[in-house]
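These are my notebook entries on one structure.

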Amino acid sequence: MIRKIIEIDQKKCNGCGLCVNACHEGALQLINGKAILVSDAYCDGLGDCLPGCPTGAIQIIEREATGYNEELVKAKLAQKKEKPGCSCPGTIAAMIKKTPAGERQDSGDIGAERPSELRQWPIQLNLINPQASYLQNADLLVAADCTAYAYASFHEKFMKDRITLIGCPKLDDNDYYTEKIAEIIRINHPQSIKVVRMDVPCCSGIVRAVKTAMVQAGISVPYSEGIIDYRGTLSC
């Protein structure tokens, strides 16, 4: 059908996220530093997001679009209420450009800082956008929060050349983790998944979340696992 719907000029969008907060239907998200319309079905075309845009990147146009679906919007907002997200600029999906090893300057000082192997932002599973481009066909590291503190060479051993996702299976919602990881797998078809956890019973929850996610997604991904104890010893 031809109807009114918003259009976002990506060249003008500065990624401030004000329109995301202004949209009552949850139709907008920040992806790769730009606001996008998630689905035509979420946009009612009323334009509540327009006044919040400081760069004039949003306008209402008429085009062929799926009809506004109020039931889908209610379901989406209910899910968001159960698991609130954040649209602040600090959670914008971004790749981190790494300096090639041959170009890194080594001062020769024993106490010199080692380079970070973090390749993307954000890293917290609750904040990861499943549609972020850095997830596509990636080698994933799914790590329990404590592991990086317990294992001194965590960056070099586990994070290098992987996209890092972290979470706490004891303090967070494992069912949510399962659904999130399943969505990531369905959309992005990762090349491999490495799970790193602590050698404590509660930490096995992150393993179950990943394995159950593969079953839910109906996609088998090459899988490996590392276990670290509180002394900083890698046992497998």
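**Entry 1: His-189.** Does His-189 count as buried, exposed or partly exposed? I found a relative accessibility of 40% for His-189, so this residue counts as partly exposed. The cut-offs for relative accessible area are under 20% for buried and over 50% for exposed, with partly exposed in between (1.4 Å probe, protein chains only). I located His-189 in the loop between helix 5 and strand 9. Helices (H or I, at least four residues) and strands (E, at least two) are DSSP runs, numbered from the N terminus. Phi of His-189 is near 45 degrees, a positive value in a residue other than glycine.

**Entry 2: basis of the notes.** The model is predicted, and residues are numbered from 1 along each chain as its sequence is written. Local features need pLDDT of at least 70 and side-chain atom pairs pLDDT 80 or more, totals for chains, interfaces and linings use all residues, and side-chain values use heavy atoms, with hydrogens and water left out.

**Entry 3: backbone.** I next looked up Asp-161, in the loop between helix 4 and strand 8. Its phi is positive as well, near 65 degrees, in a residue other than glycine. Asp-161 is exposed, with a relative accessible area of 52%. I also noted a cis peptide bond from Trp-121 to Pro-122, with omega near 0 degrees. Pro-122 belongs to the loop between strand 6 and strand 7. As background, most residues other than glycine have a negative phi, and most peptide bonds are trans.

**Entry 4: strands 7 and 8.** How many bridges join strand 7 to strand 8? I found five, and the two strands run parallel. Two strands pair if DSSP finds at least two bridges between them. Leu-141 has Thr-164 of strand 8 as its bridge partner. Four of the five residues of strand 8 are buried, so this strand is largely enclosed by the rest of the structure.

**Entry 5: the largest nonpolar core.** A nonpolar core is a set of buried Ala, Val, Leu, Ile, Met, Phe, Trp, Tyr and Cys residues joined through side-chain atoms within 4.5 Å. The largest one holds 27 residues, and Leu-135, Leu-140, Val-142, Leu-165, Ile-185 and Ile-193 touch the most other members. Strand 7, strand 8, helix 5 (174-188), strand 9 and helix 6 (204-217) each give two or more residues to this core. Which element supplies the largest share? I found that helix 6 does, with seven residues.

**Entry 6: the second largest pocket.** A pocket is an open set of points on a 1 Å grid over the protein atoms alone where a 1.4 Å probe fits, with protein on both sides within 12 Å along at least five of seven lines; lining residues have an atom within 4 Å of a point. The second largest pocket has about 210 Å³ of space. Grid points are joined across faces, edges and corners, and the volume is the space filled by probe spheres set on the points. I listed 15 lining residues, with Ile-123, Ala-148, Phe-154, His-155 and Met-159 nearest the centre. Helix 3 (147-150), helix 4 (154-159) and strand 8 (163-167) give two or more residues to this lining. The lining divides into 10 nonpolar, four polar and one charged. Here Ala, Val, Leu, Ile, Met, Phe, Trp, Tyr, Cys and Pro count as nonpolar, Asp, Glu, Lys and Arg as charged, and the others, Gly among them, as polar.

**Entry 7: salt bridges.** I counted five salt bridges, each a side-chain nitrogen of Lys or Arg within 4 Å of a carboxyl oxygen of Asp or Glu. One of them joins Arg-114 and Glu-156, with the closest N and O atoms 3.0 Å apart. Arg-114 lies in the loop between strand 5 and strand 6, and Glu-156 in helix 4, 42 residues apart. Arg-114 is exposed at 54%, whereas Glu-156 is partly exposed at 32%. Another joins Glu-225 and Arg-197 (3.3 Å, N to O). This pair links strand 10 to strand 9 across 28 residues. Glu-225 is partly exposed at 22%, and Arg-197 is buried at 13%.

**Entry 8: Tyr-149.** Tyr-149 lies in helix 3 and is exposed, with a relative accessible area of 78%. The C-alpha atoms of Tyr-149 and Gly-232 are separated by 8.5 Å, while the residues are 83 apart along the chain.
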